Amino acid sequence: KTKKPSADATDDDDDGGGTGDKKPAYVPSDSDSDELDLAETQFERPVRASPVTNKKSGSDESSTDDDDSEDGDDAMNDKKKKKKKTKNQKKNKKSKEAETADILGVNSAGSPPAQSAEAEDLIPAIQDLSFTTNSAQQSDGGDDDEKYANNDDEKYGAVNEPKRGASGTLLTSIQGSGLQVEYAFLRSKSVYSDRMNAIEVVLTNTTDADITNIAVAEDSKMHVFHPIESLGAGQRAERKLHINFGGQADPLSFQLSASVGTFDVKIAPPEGELLRPHCISHSQFDALRSGLSGMNEHTRAVEFAGSLQDAAQVVVQALNVHALKPYVDSDDDSAHYRFVGQRLVDDAEALIEIASDAAGKMTLTINCAHMLYSGALEAILSGKFSE
């Protein structure tokens, strides 16, 4: 809130002796000067002529008139000063109100100021960047259904969602003439696009000499890192690539060059990395799954030597998905772990559930609008469970 300045504070500021913030000196405009000249003309008192017959008396009378005129001028000047002071106060008040409005982000009508087209273009990106934080806050659904609040925390604990997924080697030290390059899919969002994967690249100089000018060739499907001018003997550097695979698991080929040579390399994304985590509640999960039944649902028994929680950990390691809070169905004592992801290419949901009945028999269920993709996820998880 803006504190209205008191009259005393204004007087002190005008005299230059106040302890508060100094207000800018008032500079009259041409229009103000014209108004003051007009006022002086209108309020100027006429001077009466002195009688010729009595010089002494006339002199005294003229002196008295001059005094009266001076008193009138003083009164007029006081009136002008007060008028200036009032204008200054109003001007300063408006200036402070405008400053306060700027701070609060509102205009004089009390509504938010209109944004430029450039600022509006930034809003989706800002909302997108805050998605991960919001998802973390909404984690575990917030369901109002008590069915999903039932859980045996000691037996069915939460899973740990990893920061990195699938990994591999672009160049061995032998292939790269001493330059070794490894990569890992990051489970964080790409800063460039929702459709892209963020991939960490680790470059290591295994020689005893510097390797210079390390760079990745530009490609329309990816954002590359800035060239590395020099990588000392035994040193390593971490960089990021951002790649749009277009929803396909086909490998993307590109060139990596350095002072030791130019190399053709490629990265093939596993199906599980072509997803992003999607946070929803158990009730929303049920609603989505009801529309993805029939041909869009794949169910199979799971042969796994570990516990249900261990099996759930396998899921989040193999797929870039969000894990809902596990729950136990009080009707049949079955335990459930649920996971949700969205395809990077089209935002289609992929729903995964792994459950065990009272006897410990596990079942895997996958629902997705794309039948082939459901089959691909099922094949990935089946292979991981059998390892």
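Reader: Hello! What does the accessible surface of the protein chain come to?
Author: Happy to start there. Carbon and sulfur atoms own 48% of that surface. Areas come from the Shrake-Rupley method with a 1.4 Å probe, where for residues only the protein chains shown count as cover. The total for the protein chain is about 23,300 Å².

Reader: What kind of model is this?
Author: Residues are numbered from 1 along each chain as its sequence is written, and side-chain values use heavy atoms, with hydrogens and water left out. Local features need pLDDT of at least 70, side-chain atom pairs count only at pLDDT 80 or more, and totals for chains, interfaces and linings use all residues, since the model is predicted.

Reader: What percentage of the contacts with a separation of 6 or more comes from residues 24 or more positions apart?
Author: Contact means heavy atoms within 4.5 Å. Among contacts in the protein chain with a separation of 6 or more, the share from residues 24 or more positions apart is 62%.

Reader: At what angle do helices α7 and α8 pack?
Author: Helix α7 covers residues 308-318 and α8 covers residues 371-386, with their axes 10 Å apart. The axes are lines fitted to C-alpha atoms over the stretch in contact, and angles run from 0 to 180 degrees between N-to-C directions. The two helices pack at about 130 degrees.

Reader: Which word describes how α7 lies relative to α8?
Author: Angles under 35 degrees count as roughly parallel, over 145 as roughly antiparallel, 65 to 115 as roughly perpendicular and the rest as oblique. With an angle of about 130 degrees, α7 is therefore oblique to α8, so the word is oblique.

Reader: Which residues of α8 make the contact with α7?
Author: From α7, the contact uses Ala 311, Val 314, Val 315 and Ala 318. The contact residues divide into seven nonpolar, no polar and one charged; here Ala, Val, Leu, Ile, Met, Phe, Trp, Tyr, Cys and Pro count as nonpolar, Asp, Glu, Lys and Arg as charged, and the others, Gly among them, as polar. On the α8 side the residues are Ile 380, Leu 381, Lys 384 and Phe 385.

Reader: What covers the buried residues of α7?
Author: Buried means under 20% relative accessible area, exposed over 50% and partly exposed in between, with a 1.4 Å probe and protein chains only. The buried residues of α7 are Leu 308, Ala 311, Ala 312, Val 314, Val 315, Val 316 and Ala 318. Their cover includes β12, β14, β15, β16 and α8.

Reader: Why does Ile 366 count as buried?
Author: Ile 366 sits in strand β16. Its contacts beyond four places in sequence include Leu 351, Ile 352, Leu 377 and Leu 381. Ile 366 counts as buried because its relative accessible area is 0%.

Reader: Is Asn 213 buried or exposed?
Author: Asn 213 is in strand β4, residues 211-216. Its phi is near 50 degrees, a positive value in a residue other than glycine. At 53% relative accessibility, Asn 213 is exposed.

Reader: What is the phi of Asp 347?
Author: Asp 347 belongs to the loop between β14 and β15, and it is partly exposed, with a relative accessible area of 29%. Although Asp 347 is not a glycine, its phi is positive, at about 70 degrees.

Definitions and conventions: Helices (H or I, at least four residues) and strands (E, at least two) are DSSP runs, numbered from the N terminus.
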